[in-house]
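Trainee: Could you take me closely through one part of this model, the sheet and what packs on it?

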Amino acid sequence: VGLHQAANPATIALHQTTKETNMPTRIISDIIAGRPLVSGTTEMTVRAACRVMAEKKIGALLIVENSRIAGIFTERDALNKVLAGGLDPDVTQVSQVMVRDPQTIRADKPLAYALQFMADGGFRHVPVVDGDGAPLGMVSARDALGNDMVQLERDLQFREHLEENIA
């Protein structure tokens, strides 16, 4: 059965189409272009960080010290470390619960690389840096939506079309 499926022209065409589109191919610098760098400090309280995140409608906040990324504070940190941990968000500083020295990604990489990076690391946000390591912004798993979702839908429609015409 495996050999028969591999020889199926629809499967071959879909594989080639998916391979050729190399979804998602957008470059990170294009995705974050025009987005302001939203950041906080290690001394801010968890409540203050959460207010910034809510106001900006973001799920993670870059924590910056001396123009370098010191950490990242996420919704998961607020939920799992602060609320579930019984900590007071008005007293707890972000530095106590943030992820220190998070993995980063350069802006010249494709989104697909970032998504694989997130999947492998078990996280949903990756700080973006320039060639010198200075913070530029953040990409998240949500960035895969939009144009890439449209492309996925087109690929699926193309697959259905091929399967209907071959059947």
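**The sheet and its helices**

Mentor: Since this is a predicted model, I will keep to what its coordinates give, beginning with a pair of facing residues: glutamate 65 stands opposite arginine 68, which belongs to strand 3. The two strands concerned, strand 2 (residues 60-65) and strand 3 (residues 68-74), are paired in the antiparallel sense over 6 bridges. They belong to an open sheet of 4 strands, ordered 1-2-3-4 and with mixed pairing. Strand 1 (39-40) and strand 4 (99-100) each have a single partner strand and stand at the edges, so one side of each is left without a neighbour in the sheet.

Turning to the helices, helix 4 (residues 46-56) lies across strand 2 and strand 3, and runs at about 85 degrees to strand 3. Helix 5 (residues 75-83) also packs on the sheet, where it touches strand 3 and strand 4, its direction making about 65 degrees with that of strand 3. The buried residues of helix 5 are Asp77, Ala78 and Val82; seen down the helix axis they fall within an arc of 95 degrees, so they line one face of the helix. Their cover includes helix 4, strand 3, helix 6 (94-97) and strand 4.

The loop between helix 5 and helix 6 holds threonine 92, which counts as buried because its relative accessibility is 6%, under the 20% cut-off. A polar atom of the threonine 92 side chain lies 2.7 Å from the backbone oxygen of aspartate 88, and, leaving aside residues up to four places away in sequence, threonine 92 touches Met44, Thr45, Val46, Leu87 and Val97.

Definitions and conventions: Residues are numbered from 1 along each chain as its sequence is written. This is a predicted model: local features need pLDDT of at least 70, side-chain atom pairs count only at pLDDT 80 or more; totals for chains, interfaces and linings use all residues. Side-chain values use heavy atoms; hydrogens and water are left out. Two strands pair if DSSP finds at least two bridges between them. Contact means heavy atoms within 4.5 Å. Axes are lines fitted to C-alpha atoms, for helices over the stretch in contact, and angles run from 0 to 180 degrees between N-to-C directions. Buried means under 20% relative accessible area, exposed over 50%, partly exposed in between (1.4 Å probe, protein chains only). The arc is that of the directions from the helix axis to the C-beta atoms. A polar contact is a pair of N or O atoms within 3.5 Å; within protein, one must be able to donate a hydrogen and the other to accept it, and residues adjacent in sequence count only if both atoms are side-chain atoms.
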